[in-house]
Amino acid sequence: MEIDRLGIHDSVAAVFPPERLREFLASETHGGIDVAVIGDDGLGGVDGVVTLEHRDAFRDLEWIHSIQAGIDRFPLEALDERGVVLTNSTGIHGRSIGETVAGYLLAFARRLHDHVAAGERREWNRPEWDEAFTLSGTTACIVGTGTLGRGVADVVGSLGVRTVGVRRSPDSLPEFEEMYATETLHEAIAGPEFVVATVPLTADTEGLFDRAAFEAMAPEARFVNVARGGVVDEPALVAALESGSIAGAALDVFETEPLPESSPLWGFEEVIVTPHCGAYTRDYYRDVGEIVADNVARIERDGEFRNRVV
């Protein structure tokens with residue numbers, strides 16, 4: 001493979017300024033890569049692309065790099081048939097997602113979302129005596145123990161939260177105090193105060209959190225989704241919130257994005273909605289750039305791609 005010129009698709013502007021990544025990659029420190037910011041009409045002049053979104057025209061390139069870890073938007077079989085390499089940005093989001101989830105948990109425990117809402121109304125409202133609590137001694141069941149799940153466990157564990165993991169096998173990991181296999185999901189989520197989804201969206205995880213899963217959770221449980229909207233049956237989640245079978249939710253991802261104004265999820269006092277930005281950080285472009293620059297160097301010496309998916 002030869003990458004004479006690399007394109008940064010302008011779709012990455014939803015996450016960071018593409019020019020920042022161009023400057024990073026073009027610097028001598030990172031290899032002086034021949035790179036340009038392009039739109040859909042500029043693909044003819046590049047051999048590879050760094051992108052947020054997918055375009056069918058990418059199938060004519062040598063290499064695609066996704067700035068996200070999730071790859072569900074890319075046609076994997078078609079890319080494989082065309083011999084197009086796809087890499088992703090797995091490994092860079094653990095800390096940022098972990099801190100986002102910690103923020104959700106602290107908001108629920110210390111009633112911060114209530115205070116923000118009251119402040120917008122200029123109301124001086126204190127919580128009821130038994131509403132606020134501390135995180136120490138609570139349990140979070142983290143479903144998915146990859147980079148995101150381990151990052152969440154590391155950060156919330158430092159706040160005194162007991163961490164339980166769910167993965168394909170029950171083999172232990174150092175970030176988790178207890179581990180369950182996926183087939184025992186309902187057992188794992190039955191007791192914890194927090195259930196956190198960090199799994200990738202696959203055929204096996206689509207709709208994983210359905211009516212039966214929410215019914216298995218404790219009435220005081222809060223559900224957190226920083227994975228993908230498709231791992232949740234959204235009507236089942238709404239029904240669980242309406243019936244009080246769970247206490248609340250913090251959601252960064254949804255079946256339809258942006259979340260429609262008509263969605264009932266906007267209306268719950270105990271639901272925190274964030275606009276799919278849990279991994280955002282001002283260093284995002286640098287983290288992506290390190291992976292891209294490393295792979296350009298590997299291409300030049302015929303090495304193995306880092307984070308190769310296809």
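Helices (H or I, at least four residues) and strands (E, at least two) are DSSP runs, numbered from the N terminus. With these names, His 276 lies in the loop between E12 and H9.

The structure is a predicted model, in which local features need pLDDT of at least 70 and side-chain atom pairs count only at pLDDT 80 or more, while totals for chains, interfaces and linings use all residues. Residues are numbered from 1 along each chain as its sequence is written, and side-chain values use heavy atoms, with hydrogens and water left out.

## The sheet of five strands

An open sheet is formed by 5 strands in the order E2-E1-E3-E4-E5, and the pairing is parallel. Strand E2 (35-38) and E5 are the edge strands, each pairing on one side only. From one strand to the next the twist averages 20 degrees. Two strands are taken as paired if DSSP finds at least two bridges between them. Angles run from 0 to 180 degrees between N-to-C directions, and axes are lines fitted to C-alpha atoms, for helices over the stretch in contact.

Helix H1 (residues 18-26) packs on this sheet and touches strand E1 (6-9), E2 and E3. The direction of H1 makes about 170 degrees with that of E2. Helix H9 (residues 284-300) lies across E1, E3, E4 and E5, and runs at about 160 degrees to E4. Contact here means heavy atoms within 4.5 Å.

Strand E4 (residues 63-66) is covered on both faces: Trp 63 and His 65 on one side, and Ile 64 and Ser 66 on the other, are all buried. Buried means under 20% relative accessible area, exposed means over 50%, and partly exposed lies in between (1.4 Å probe, protein chains only). E4 pairs in the parallel sense with strand E3 (residues 48-51) over 4 bridges, and Ser 66 in E4 is the bridge partner of Thr 51. E4 also pairs in the parallel sense with strand E5 (residues 85-87), over 3 bridges. There the bridge partner of His 65 is Thr 87.

E4, helix H2 (residues 76-82) and E5 make a right-handed β-α-β unit. Right-handed means that, with the strands pointing away from the viewer, the path from the first strand over the helix to the second runs clockwise.

Two packed helices are described by the angle between their axes and the distance between the axes.

| Helix pair | Angle between axes | Distance between axes |
|---|---|---|
| H3 (residues 94-110) and H5 (residues 147-157) | about 50 degrees | 7 Å |
| H3 and H4 (residues 112-120) | about 75 degrees | 5 Å |

H3 and H5 are therefore oblique to each other, whereas H3 and H4 are roughly perpendicular. Angles under 35 degrees count as roughly parallel, over 145 as roughly antiparallel, 65 to 115 as roughly perpendicular and the rest as oblique.

H3 passes H5 in a right-handed crossing; a crossing is right-handed if the near helix is turned clockwise from the far one by less than a right angle, and left-handed if anticlockwise. Residues of H3 that meet H5 include Gly 94, Ile 97, Gly 98 and Leu 105. Among their counterparts in H5 are Leu 148, Gly 151 and Val 155.

## The sheet of seven strands

Another open sheet has 7 strands in the order E8-E7-E6-E9-E10-E11-E12, with parallel pairing. Strand E8 (178-181) and strand E12 (271-273) stand at the edges, each with a single partner strand, so one side of each has no neighbour in the sheet. Neighbouring strands are turned by 15 degrees against each other on average, direction ignored.

Strand E6 (residues 139-143) and E9 run parallel and are joined by 4 bridges. In E9, Ala 197 is the bridge partner of Val 143. Ala 197 is found in strand E9 (residues 194-197) and counts as buried, at 0% relative accessibility. Not counting residues up to four places away in sequence, Ala 197 touches Val 143, Phe 209 and Phe 223, among others. Ala 197 and Phe 223 are 26 residues apart in sequence and 8.0 Å apart in space, C-alpha to C-alpha.

## Backbone details in loops

Pro 258 lies in the loop between strand E11 (248-251) and E12. The peptide bond from Glu 257 to Pro 258 is cis, with omega near -5 degrees.

Arg 122, in the loop between H4 and E6, has a phi near 60 degrees, a positive value in a residue other than glycine. Arg 122 is exposed, with a relative accessible area of 81%. His 276 has a phi near 50 degrees, also positive in a residue other than glycine. At 19% relative accessibility, His 276 counts as buried.
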